[in-house]
Amino acid sequence: MTSPADPTAAQPRAAQARAAQPNGLGVTFGLLGDEWTLLLLRVALSGGKRYSDFRDRLPISHAVLSGRLERLVSEGLLERHVYQVRPERSEYLLTPKGSSIWPLLLAIWTWERRWVTSHSYATPPIRHLTCGNEMSPEYCCNACGGAALPESVTLSWGPAGGWDRSTPGAHTRRRAAHSGRSESSAFYPDTMTVFGNRWSAVIVAAAFAGVRRFRDFEAFLSPPPIVLSERLTALCTREIFEQVQLVDRSDWSEYRLTRKGSDLFPVLATVVDWSERWHSEPEGPVLRRTHTTCGAEFRGMLVCDHCHAAVRGHEIDLSNA
Ligand SMILES: [Zn+2]
Ligand SMILES: [Zn+2]
């Protein structure tokens, strides 16, 4: 992939105005960079509606669950519906924006099943209802149907792009109290290494854009150095990154995506797909993406590996998920 932020072609974030408002992608990273967002949406997508559905299926405390449901309502992913007045009882229904997150969950699920073998939790197969097979969906170009791989999708910044705007804003910082980290970290630790923190996903995205050295991550993304160091270590521990010592510069090392890390491409790309749909910017796209195989502007879709049909949200059986 050519980089959206060819580090040599873009101004380091440090050199830019620090007060830049996050663009749609930055907002999306902030929203997903919370350890509970995806877990709560997964429960909702598999039919959970009531407070007790979420509480019973997640190791989450009352304070954290209430706060996160409220946040998902304010972000427009869930809608609170009062179904009984006295005593008041409500349920949380997915909005179109919330339910359209399913390709991301499906991409994550596929990645977990492929790469995370030492599960202390189950990741049962997902069935494609259209053909009846257990599927392992493939990420493809929706113009030509060809495979979408890191090397076949070129990226450049659009009018709303830039690293300074594509990182989560400071206001999305997780409060230290009620973060619930110790509760959620036992759940999908590999996925949570990528999404359980507001910096992690953007660090992985930067790696797909060709950023490799500590000081470049620091210059483009401007995370607190201690946080960057901690996230890079966590990504190496999960074998998403590997630290490679450069032969010609013994004092330099690089962080490179492993095969397991590169296989996160559909996951990160579906984040961009979703972000463009729901957090579009008036001045134009954050990223311009081109599928080099067909030359069309790139938009992704998940395709069933058995019947080769594009998968749609209502055609997957998530009841075991
Ligand atoms: Zn194509
Ligand atoms: Zn199928």
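**Contacts, helix and metal sites**

Reply: Happy to! Tyr92 touches Gly48, Lys49, Phe54, Leu69, Val73, Leu78, Glu79 and Arg80, not counting residues up to four places away in sequence; contact means heavy atoms within 4.5 Å. This is a predicted model, in which local features need pLDDT of at least 70, side-chain atom pairs count only at pLDDT 80 or more, and totals for chains, interfaces and linings use all residues, while side-chain values use heavy atoms, with hydrogens and water left out. Residues are numbered from 1 along each chain as its sequence is written, and chains are lettered from A and ligands numbered from 1 in the order in which they are written.

Me: Why does Tyr92 count as buried?

Reply: Buried means under 20% relative accessible area, exposed over 50%, and partly exposed in between (1.4 Å probe, protein chains only). Tyr92 has 13% relative accessibility, so it counts as buried. This residue lies in strand β2 (residues 89-94); strands are DSSP runs of E with at least two residues, helices are runs of H or I with at least four, and both are numbered from the N terminus. Tyr92 and Leu72 are 20 residues apart in sequence, yet their C-alpha atoms are 9.5 Å apart in space.

Me: Leu72 belongs to α4. How do you know that the span of this helix is close to what is expected?

Reply: The expected span is 1.5 Å times one less than the number of residues. Helix α4 (residues 62-74) has 13 residues and reaches 18 Å from first C-alpha to last, close to the expected 18 Å.

Me: And what makes its buried residues line one face?

Reply: The buried residues of α4 are Val64, Leu65, Arg68, Leu69 and Leu72. Down the helix axis they fall within an arc of 125°, so they line one face; the arc is that of the directions from the axis to the C-beta atoms. An α-helix has 3.6 residues a turn, so residues three or four places apart point the same way. His62, Glu70 and Ser74 are exposed, on the face of α4 turned away from its buried side.

Me: Why is the arrangement around the zinc ion (ligand 1) called tetrahedral?

Reply: Four donors count as tetrahedral if all angles lie between 85 and 135 degrees. Around the zinc ion (ligand 1) the four donor atoms subtend 99 to 118°, so the arrangement is tetrahedral. The donors are Cys141 (SG), Cys144 (SG), His291 (ND1) and Cys294 (SG), at 2.1 to 2.3 Å. Cys141 lies in strand β5 (residues 138-141) and Cys294 in the loop between β9 (287-291) and β10 (300-303), so the pair ties together parts 153 residues apart in sequence. As for the labels, Cys141 is buried at 0% relative accessibility, and Cys294 is partly exposed at 35%.

Note on methods:
Donors are N, O and S atoms within 2.8 Å of the metal (3.2 Å for Na, K and Ca); water is not among the atoms, so sites may look incomplete. Four donors count as tetrahedral if all angles lie between 85 and 135 degrees; four count as square planar and six as octahedral if opposite donors are over 155 degrees apart and all others between 65 and 115; anything else is irregular.
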